[in-house]
Amino acid sequence: MITDFAVSLEVELDHLRSLVLRGCPHVNDWFLGRLQRFSHTLENLDVSCCPLVTERGLASLHKLSNLRRLVMKEMLGVPHLPLITLLLEDVLPDCSIEGADYSDPQVQADFSENCAKALKAEEETLQKRRNFQIPVAGSPAW
């Protein structure tokens, strides 16, 4: 059984290439973050059905530069799995990622809508910065 304690041990696993954590109830975001110590050797990882894993834990997998296959199916704690998949595919172009169907038209629409909202928020922030004025001593705003 895998626990936080098991991954925190300073065990010599210099040649770890494949790790299947499917359905493990003890795997969480902290655990996935600790996998970075295997970034040069780990090629296959399956974190499917791990109930304690969230977007934060999956995002930490971007440090696994040698990863060639990532399986993350039935991730109930990850409501934005297609978005995380797109982001991981961008930073890990040599990795085949299974588990999220972002070809679904609804997912694409949600992604486009979120991008549009983010761009609008950024434009509003920039506009506020342009309009910001420092009050001068003696002025009514001072």
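Biologist: Which residues is Leu67 in contact with, leaving aside its neighbours within four places in sequence?
Modeller: In this predicted model, Leu67 is in contact with Leu42, Glu43, Asn44, Leu45, Leu92, Asp94 and Cys95.

Biologist: Where is Leu67 found?
Modeller: Leu67 is found in the loop between α3 and β3.

Biologist: Is Leu67 buried or exposed?
Modeller: Leu67 counts as buried, because its relative accessibility is 1%.

Biologist: And how many residues apart in sequence are Leu67 and Arg17?
Modeller: They are 50 residues apart in sequence, and their C-alpha atoms are 8.9 Å apart in space.

Biologist: Ser60 next. Where is that one found?
Modeller: Ser60 is also in the loop between α3 (55-59) and β3 (69-71). Its relative accessible area is 16%, so Ser60 is buried. Not counting residues up to four places away in sequence, Ser60 touches Leu32 and Gly33.

Biologist: Let us change topic to the overall layout. How many helices and strands does the chain have?
Modeller: The chain has five helices and four strands. From the N terminus on, these elements run α-β-α-β-α-β-α-β-α.

Biologist: In what order do the strands form the sheet?
Modeller: The sheet is open, with the order β1-β2-β3-β4 and parallel pairing. β1 (18-20) and β4 (96-98) stand at the edges with a single partner strand each, so one side of each has no neighbour in the sheet. From one strand to the next, the twist averages 5 degrees.

Biologist: How many bridges join β3 to β4?
Modeller: Three bridges join these two strands, which run parallel. Arg69 stands opposite Ser96 in β4.

Biologist: What does Leu70 touch, not counting residues up to four places away in sequence?
Modeller: Leu70 touches Leu45, Val47, Leu61, Leu88, Cys95, Ser96, Ile97 and Glu98. Leu70 is also one of the residues in the largest nonpolar core that touch the most other members.

Biologist: Which others touch the most members of that core?
Modeller: Besides Leu70, they are Leu21, Leu32, Leu45, Val47, Leu58 and Met72, in a core of 29 residues. The elements that give two or more residues to this core are α2 (29-34) and α4. Of the elements, α4 gives the most, with three residues. As a general point, nonpolar side chains tend to be buried together in soluble globular proteins.

Biologist: Which residues are buried in α4?
Modeller: In α4 (residues 81-91), the buried residues are Leu81, Pro82, Ile84, Thr85 and Leu88.

Biologist: Why are they on the same side of α4?
Modeller: They cover an arc of only 160 degrees around the axis, and that puts them on the same side of α4. In general, an α-helix has 3.6 residues a turn, so residues three or four places apart point the same way.

Biologist: Where is Gly99 found, and what is it in contact with beyond its neighbours within four places?
Modeller: Gly99 is found in the loop between β4 and α5 (105-131). Beyond those neighbours, Gly99 is in contact with Met72, Lys73 and Leu81. Its relative accessible area is 40%, so Gly99 is partly exposed. Gly99 and Pro82 are 17 residues apart in sequence, with 8.4 Å from C-alpha to C-alpha.

Biologist: What about Glu74, and is it buried or exposed?
Modeller: Glu74 is not a glycine either, and has a positive phi of about 55 degrees. Glu74 lies in the loop between β3 and α4. With a relative accessible area of 57%, Glu74 is exposed.

Biologist: To finish, what do the totals for the chain look like?
Modeller: Buried residues make up 30% of the 142 residues. The accessible surface comes to about 9400 Å², and 56% of that belongs to carbon and sulfur atoms. Among contacts with a separation of 6 or more, 70% are between residues 24 or more positions apart.

Methods
Residues are numbered from 1 along each chain as its sequence is written. This is a predicted model: local features need pLDDT of at least 70, side-chain atom pairs count only at pLDDT 80 or more; totals for chains, interfaces and linings use all residues. Side-chain values use heavy atoms; hydrogens and water are left out. Buried means under 20% relative accessible area, exposed over 50%, partly exposed in between (1.4 Å probe, protein chains only). The arc is that of the directions from the helix axis to the C-beta atoms. Contact means heavy atoms within 4.5 Å. Accessible areas come from the Shrake-Rupley method with a 1.4 Å probe; for residues, only the protein chains shown count as cover. Two strands pair if DSSP finds at least two bridges between them. Axes are lines fitted to C-alpha atoms, for helices over the stretch in contact, and angles run from 0 to 180 degrees between N-to-C directions. A nonpolar core is a set of buried Ala, Val, Leu, Ile, Met, Phe, Trp, Tyr and Cys residues joined through side-chain atoms within 4.5 Å.
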